[in-house]
Amino acid sequence: MASTNDLKNGMVLNIDNQLWSVVEFQHVKPGKGPAFVRTKLKAVLSGKVVDKTFNAGTKVETANVDKRTMQYLYKDGSDFVFMDTDTYDQLQVSEAVVGTAAGYMLENQNAIVATHDGVPLYVELPASVVLEITYTEPGLQGDRSTGGTKPATLETGATINVPLFLETGTKVKVDTRDGSYLGRVN
């Protein structure tokens, strides 16, 4: 149990037997009446975001979420197999839990896997990753970085938009949160 005064971003709460992650919170002390805490909570399993208000000092139940750095080994059917880098235990994570992160994961890459009572909740990748373009239309003379964009397929199979001058075989930096192109890597 924790008080609403102890809330932090990323903290996971157990409300009505559902896990909610604190996205943001704000302590409000109006001129009249008691203080309260306004929060934005995200359902860990479904991803639904809700606003919830608590009275200041109210006790809320925190969930014990274990975040570990794990190495992505391979895809087994619809599951992704991760290995704990400390204990070498392997964990199978379903495609639904991995979500959009699957498009930016290479084998042997590290990621943070959050579990609650042994059940995987979500996979967190670094903010950006370096991937190689396996296919894109060839650039033409006169294509500049300020022109437009074209679709490019990455080595993981994901498709992103890149500037017109990039060619197949180029390594690019990709933002894992929204799949945007961040730049070329030499």
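**Entry 1: the largest pocket**

I began with the lining of the largest pocket, to which strand E3 (18–28), strand E4 (36–43), helix H1 (95–98) and strand E11 (119–124) each supply at least two residues; helices (H or I, at least four residues) and strands (E, at least two) are DSSP runs, numbered from the N terminus. I note that this is a predicted model, in which local features need pLDDT of at least 70 and side-chain atom pairs count only at pLDDT 80 or more, while totals for chains, interfaces and linings use all residues. Residues are numbered from 1 along each chain as its sequence is written, and side-chain values use heavy atoms, with hydrogens and water left out.

The largest share of that lining, four residues, comes from E11. I looked up the volume and found about 820 Å³ of space in the largest pocket. A pocket here is an open set of points on a 1 Å grid over the protein atoms alone, where a 1.4 Å probe fits, with protein on both sides within 12 Å along at least five of seven lines; lining residues have an atom within 4 Å of a point. The volume is the space filled by probe spheres set on the points. Of the 27 residues that line the largest pocket, I listed those closest to its centre, which are Lys42, Val97, Tyr122, Val123 and Glu124.

Sorting the lining by class, I got 15 nonpolar, eight polar and four charged residues, where Ala, Val, Leu, Ile, Met, Phe, Trp, Tyr, Cys and Pro count as nonpolar, Asp, Glu, Lys and Arg as charged, and the others, Gly among them, as polar. Because domain 1 (11–62) and domain 2 (65–124) both give residues to the lining, the largest pocket lies between them; the domain bounds come from an automatic or database assignment.

**Entry 2: aromatic pairs**

I then turned to the rings and counted two aromatic pairs, taking rings of Phe, Tyr and Trp (its six-membered ring) as paired if their centres lie within 6.5 Å, with planes under 30 degrees apart stacked, over 60 edge-to-face and the rest tilted.

**Entry 3: single residues**

Proline 120 lies in strand E11 and is buried, with a relative accessible area of 14%. I found proline 120 and glutamine 92 to be 28 residues apart in sequence and 8.4 Å apart in space, C-alpha to C-alpha.

Aspartate 16, in the loop between strand E2 (12–15) and E3, has a positive phi of about 55 degrees although it is not a glycine, and at 72% relative accessibility I counted aspartate 16 as exposed. Aspartate 117, in the loop between strand E10 (110–116) and E11, likewise has a positive phi of about 55 degrees without being a glycine, and at 68% relative accessibility aspartate 117 counts as exposed.

Terms used. Buried < 20%, exposed > 50% of the residue type's maximum accessible area, 1.4 Å probe, protein only.
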